[in-house]
Amino acid sequence: MRISLLAFAIALISLSLSAQQESAPPSVQKDTGKGQVQDNQVPDKDQGKVPVFRKNVTVVNVLCTVKDKHGALIPNLTKDNFELFEEGKPQAIKYFSTQNDVPITLGLLIDSSKSMERTLPEEKVVASGFLQKVLTNKDLAFVISFDISVDLLQDLTSDLHSLRTGLDKARINTNTAGMAPMGNPGPVPTGIGQSKGTLLFDAVYLAADEVLSKQVGRKAMVILTDGDDVGSKLRLKDSIEAAQRADAVAYVLLITDPMYPSNYGDMSKLVEQTGGRIITVSRPDKLDKAFAEIAAELRSQYLLGFTSTNPVNDGKFRRIEVKSKDGYKIQARKGYYPPNDTAASR
């Protein structure tokens, strides 16, 4: 009897293991959250196709915009029009795609501090129209406001009505507890104990780290602000690093008001390091034109991918540069952070 029970138990275990093997999901493409993609298949060499990669091969994505000397966007280029360098060393462009092939995740970050009181109503209206022009049903967007706290007004969605509703929630100096992590209740503490402030750097960091780093494809944030940070726990360099690690491009609409200070210098560093652009807006009625310029750039981006000739994944920042063989001006991020294999193995 004891032998029969043992045999019966072994049979059950064998059946269970067999069922698990049959139901195991196929291997899928994964995003490392740092602009690199890993998988277990050979890359597709055809231009314009989204690639799939061999396991443990790190492919770095670089979004870029190309303009002539007059600032006009240059469309219809191929990968043969580009050169790419890492730390000054040439890199082979393994794949190439235009913006039409790759969905975008877009964050709208709205400064709702006291200095934005005059322009906030117009910001919300124009931003809503911008989303309608830019987003397709394949894309996602979210809305954040920041003042004395950082608040997620609308989670990731492709629904324009929900995004408009989120924009409408933006209020001047809303005294809330902080931004809730995606899908989770409760705040991420920002500026605890601050009675006033503009948590700009915290907002950029959280948008990149909490939201964009978890997405694949093209990623960008559009920040409406005067650029003056007051009270953030984090620094400008922290927000830049978070955006670079998330592979996100930052655009800034710098809204200036003679009654309040603005900081062009900090915002210029943010957009330059991430491959975006800064547009100064002195009057609310100029917002529509500024948004139209950003929309045009988002529809005219190129996505380049390369595998570094440096096989050491040490997690340290690496400078990259994209050049045009035709002498055009290239707008692209200045570097990236590879995975840190040593830290991951601990």
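## What covers helix 4?

Which elements cover the buried residues of helix 4? Among them are strand 7, strand 8, strand 9, strand 10, helix 5 (236-245) and helix 6. Before going on, please note that this is a predicted model, in which local features need pLDDT of at least 70 and side-chain atom pairs count only at pLDDT 80 or more, while totals for chains, interfaces and linings use all residues. Residues are numbered from 1 along each chain as its sequence is written, and side-chain values use heavy atoms, with hydrogens and water left out.

Helices (H or I, at least four residues) and strands (E, at least two) are DSSP runs, numbered from the N terminus. Buried means under 20% relative accessible area, exposed means over 50%, and partly exposed lies in between (1.4 Å probe, protein chains only). Contact, or touching, means heavy atoms within 4.5 Å.

Helix 4 runs over residues 200-211. Because 10 of its 12 residues are buried, helix 4 is largely enclosed by the rest of the structure. The buried ones are L200, F201, D202, A203, V204, L206, A207, A208, E210 and V211. From its first C-alpha to its last, helix 4 reaches 16 Å, close to the 16 Å expected; the expected span is 1.5 Å times one less than the number of residues.

Helix 2 (residues 120-134) has 15 residues and reaches 21 Å, close to the 21 Å expected. Its buried residues are L120, E123, K124, V126, A127, S128, F130, L131 and V134. Their cover includes strand 7, strand 8, helix 3 (160-168), strand 10, strand 11 and helix 7.

Now find the open sheet of six strands, whose order is 9-8-7-10-11-12 with mixed pairing. Strand 9 (150-157) and strand 12 (278-281) stand at the edges with a single partner strand each, so one side of each is left without a neighbour in the sheet. On average, neighbouring strands of this sheet are turned by 15° against each other, direction ignored. Axes here are lines fitted to C-alpha atoms, for helices over the stretch in contact, and angles run from 0 to 180 degrees between N-to-C directions.

Strands of a sheet pair through backbone hydrogen bonds, either parallel or antiparallel. Two strands count as paired if DSSP finds at least two bridges between them. Strand 7 (residues 104-111) and strand 8 (residues 140-146) run parallel and are joined by seven bridges; L108 has V143 in strand 8 as its bridge partner. T105 also belongs to strand 7, and T105 is buried, with a relative accessible area of 4%. Helix 7 (residues 287-298) lies across strand 7, strand 10 (218-225), strand 11 (249-255) and strand 12, at about 170° to strand 11.

## Nonpolar cores

A nonpolar core is a set of buried Ala, Val, Leu, Ile, Met, Phe, Trp, Tyr and Cys residues joined through side-chain atoms within 4.5 Å. The largest one has 38 residues, and L106, F130 and V222 have the most contacts inside it. Residues touched by L106 include F130, L131, F142, V222 and L298. A second, separate core has 30 residues, including F142, I144, F146 and A242.

## Strand 14 and its partners

Strand 14 pairs with strand 4 (residues 82-86) over five bridges in the antiparallel sense, and E86 stands opposite I320. Strand 14 also runs antiparallel to strand 16 (residues 335-336), joined by two bridges. There, R319 has G335 as its bridge partner.

## Salt bridges

A salt bridge is a side-chain nitrogen of Lys or Arg within 4 Å of a carboxyl oxygen of Asp or Glu. By this rule the count is 12. One of them joins R318 and E86 (3.6 Å, N to O). This pair links distant parts of the chain, with R318 in strand 14 and E86 in strand 4, 232 residues apart. Both R318 and E86 are buried.

Another salt bridge joins E297 and R277, whose closest N and O atoms are 2.6 Å apart. E297 lies in helix 7 and R277 in the loop between helix 6 (264-274) and strand 12. Is each one buried or partly exposed? E297 counts as buried at 2% relative accessibility, whereas R277 counts as partly exposed at 22%. Together with K67, K289 and E293, these two residues are linked in a network of salt bridges.

Notes: Lists of a residue's contacts leave out its neighbours within four places in sequence.
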